[in-house]
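Dear colleague,

Please find below the structure I am handing over to you.

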Amino acid sequence: MSQKKTTRIANIFIFIALCIGAVAMIAPLIWMLSTSVKQRTDVFALPPVWIPENFNWGKYLEIWEAGPLLSGIQNSLIISLSVCIVGTFTSSLAAFAFAKLRLAFKNVIFLLLLSAMMIPYPSLMIPQFSMFSSMGWVDTLLPLIVPPIFGNIVMVFFLRQYLINVPNSIIEAAKIDGCSFFGMFTKIIFPLIRPAVAAQLILWFMGVWNDYLAPIIYLSSPEKLTIQLVIANFNATYAIQTDYPLIMAASVIALLPMLIVFLVFQKQIIESIAITGVKG
Amino acid sequence: MGKQSTDVSINKPLGNKKPKKSKLYKKESRAALIFILSPVVGYLIFTLYPFLYSIYASFTTWNGLGFQEWNGLGNYVSLLTDDYFHKSLFNTLYMMIGIPIGLILSLLLAMGLNRRIPGTTTFRVIYYVPVISSLAAISVLWQWAYNGDYGLVNQFLGYLGIDGPNWLQNKNTVKPALVIMTIWKGLGMSMLLYLAALQSVPKMYYEAADLDGANAFQRFRHITWPMVKPVTFFLVITNIIGGAQMFTEINIMTPTGGPEYSSATVVFYIWQKAFTNLQMGYASAMSVVLGLIIFIVTLIQFRLNDKSSFEM
């Protein structure tokens, strides 16, 4: 009985601690939102105003004129969607071959590919840049799209792990039926690994959408920038004019797509990430 | 079990047994080769070749425009006396103190959320929101939050009667400021992985410990900690690899590398040298050193992990 009581008291304290933590996590984001709807004078009010007296949504109209925000979103979408759709196809096909098909030296090849995970992008970016600049691809989206669509080794790795646990008999049966290997992939394997693919896809999409280093190296014309670079430029340009509501409004817009995707699919995302981590 | 021993080769296990070179095997190998071709070609062109070229370029003076001259160990010798490089290396290491702090906090959070407490789902979502938020937008937000006069952080400190510094303009506070932000951003990710690990611990372990009269600390020390060890290992590795490549925050929040270059990281310096000063040979040498450091740290971690799992 007494133990139950101490547990309950402990739970109350933990609950309070978690609440304080949650406030600390969410406060900067709320503050960003609140800044974005403030008048410029309210921004510098002391003590601070959390909920402005009159909401000024004007900044959300102004941002589209103030910088290439729309084309930024478009470019980010073009990059992330093409990378993730094509790359998922090539990666899962390779994972199928590595996990289930017979090929001499396939494990050696796989280990070699895996070694790529150890090499940080900064160690590759300079030669990659000179390669793409000699092809005339600098300031286009191509250097950001082409390398990853060949396949993502992280995804190959996780899908291969997933497939290894699938009994071989399914594939053997398909072989007896005279199914082609590509048919096996589309009809049997892909439907089977779809949950694992979804988990990896979400993580990958987030990674590409939020990428900053590669875009900043390649892109320079305003209409070519990704959304992340546009936000950074907003910050650099308008901070001098101390137009913080404008900057924060643009940042809110940059956060919103991912936030909506997350809130809608939060259960699946959280579960899939947990699975990925435990397996990793 | 299910293996029938007929002489049809397709019924043989697909694993490591020496394959019979049947017609089907050839067909299968050809298909497999085609399927893995794309990642392999991508690896050769976009990873292996640039990597080897980086190593080669690190021994040359290269301005990125084609002019390249063999320089031997010259770049590496210059690195030894380059104060900016040392500073950026030190800053990068310094900011990694956020890793253990973040891991401890996230494990505590996960243990809290693993109890019977109302609203755990809501908490999980709230703690996870910074993780999915774009780092660029988050950096912009925190730059504003660290503003010396009107920033959120100093306003909050003001309530407590503390006169906060101008965080990002002060060489003593710029690194702690970045560390705090990094912890805030990454907490949800580690928490989630820890929580998944905690939920997979069989309840009977704790029940058995209770019967033996173990106290809370002993339960943690002998059950929880060993059980979440693989996750800790995974997080330490990925956090170090990620932390060694910190760039976005620095580029946005302190575009010049901070007061007295006190927030510049290695990748920030590489980027500046390569793409602003066009000293690509020199930058390549730094990128090779960075790759080497990451490799060694990962190796050490694997060693330590092996050792400690023997002790268990």
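A residue is called buried when its relative accessible area is under 20%, exposed when that area is over 50%, and partly exposed in between. By this criterion Tyr261(B) and Phe268(B) are both buried.

Please note that the model is predicted. Chain B has an average pLDDT of 88, and 91% of its residues reach at least 70. Residues 1-12 of chain B stay under 50, and the model gives this stretch 14 contacts beyond four places in sequence.

Over all chains, the search of the whole structure returned 44 aromatic pairs. One of these is a stacked pair between Tyr84(B) and Tyr269(B), with 6.2 Å centre to centre and 25° between the planes. Tyr84(B) belongs to helix α3 (residues 83-94) and Tyr269(B) to helix α13 (residues 266-275), both of chain B, so this pair ties together parts that are 185 residues apart in sequence. Tyr84(B) is partly exposed, at a relative accessible area of 47%, whereas Tyr269(B) is buried, at 5%. The rings of Tyr261(B) and Phe268(B) also pair, in a tilted arrangement with 6.3 Å centre to centre and 55° between the planes.

In chain A, the charged end of Arg160(A) lies over the ring of Phe110(A), 4.2 Å from its centre. In chain B, the charged end of Lys175(B) lies over the ring of Tyr94(B), 5.3 Å from its centre.

With kind regards

Notes:
Residues are numbered from 1 along each chain as its sequence is written. Chains are lettered from A and ligands numbered from 1 in the order in which they are written. This is a predicted model: local features need pLDDT of at least 70, side-chain atom pairs count only at pLDDT 80 or more; totals for chains, interfaces and linings use all residues. Side-chain values use heavy atoms; hydrogens and water are left out. pLDDT is the predictor's confidence in each residue, from 0 to 100. Contact means heavy atoms within 4.5 Å. Rings of Phe, Tyr and Trp (its six-membered ring) pair if their centres lie within 6.5 Å; planes under 30 degrees apart count as stacked, over 60 as edge-to-face and the rest as tilted. Helices (H or I, at least four residues) and strands (E, at least two) are DSSP runs, numbered from the N terminus. Buried means under 20% relative accessible area, exposed over 50%, partly exposed in between (1.4 Å probe, protein chains only). A charge sits over a ring if NZ of Lys or CZ of Arg is within 6 Å of the ring centre and within 35 degrees of the ring normal.
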